[in-house]
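Here are my notes for when you have the model open. Could you read them alongside the coordinates?

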Amino acid sequence: MSTSQCIFCAIARDSAHESPIYRDDQVFVVKDINPKAPVHLLIIPNMHLASLAYIGPGQVPIMGQMFIVAEEMARREGVTLSGYRLAVNQGKDSGQEIEHLHMHLLGGQGLGAMG
Ligand code: 5GP
Ligand code: ZN
């Protein structure tokens, strides 16, 4: 998929699309359009990286910022102490739908066991 067809690139670049609830020079955050939990956010790099398959040492700052911002957003949403899950889908078997790297933040209810 080219970046011109990528919905997350469109949100990152074009204010006519939905407004992120957070953005900085490396990542932005939106509420998932089809939430699977009371809190379901997506932490997304501004740069188009299709998936974890495309990261390397050059992406260490972005990957670090994704975790830092995830915890900041969890605190804002009031789920740091109750708990939350961070998840990244990679490829077909994970069910990855959007080929622009993103981290799910899920919380606000018991999430059950992984699997
Ligand atoms: P994936 O399965 O690729 O890890 O997750 C993609 C997520 O993006 C899904 O949970 C889906 O509901 C969400 N999503 C798809 N399109 C949009 C959109 O246009 N805006 C927002 N905020 N979320 C979206
Ligand atoms: Zn993209």
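**Notes on a helix and a zinc site**

1. Start with the buried side of α2: I62, M63, Q65, M66, V69, A70, M73 and A74. Buried here means under 20% relative accessible area, exposed over 50%, and partly exposed in between (1.4 Å probe, protein chains only). An α-helix has 3.6 residues a turn, so residues three or four places apart point the same way.

2. Housekeeping: this is a predicted model, so local features need pLDDT of at least 70 and side-chain atom pairs pLDDT 80 or more, while totals for chains, interfaces and linings use all residues. Residues count from 1 along each chain as written, chains are lettered from A and ligands numbered from 1 in written order, and side-chain values use heavy atoms, without hydrogens or water.

3. The cover over those α2 residues includes β1 (22–23), β2 (27–31), β3 (39–45), β4 (84–87) and β5 (103–107); contact is heavy atoms within 4.5 Å. Helices (H or I, at least four residues) and strands (E, at least two) are DSSP runs, numbered from the N terminus.

4. After α2 comes G78, with a positive phi near 80 degrees.

5. Now the zinc ion (ligand 2): C6 (SG), C9 (SG), H48 (ND1) and H100 (ND1) coordinate it at 2.0 to 2.3 Å. Donors are N, O and S atoms within 2.8 Å of the metal (3.2 Å for Na, K and Ca). C6 sits in the segment before α1 (7–13) and H48 in the loop between β3 and α2, so this pair ties together parts 42 residues apart in sequence.

6. C6 is buried, at 2% relative accessibility, whereas H48 is partly exposed, at 21%.
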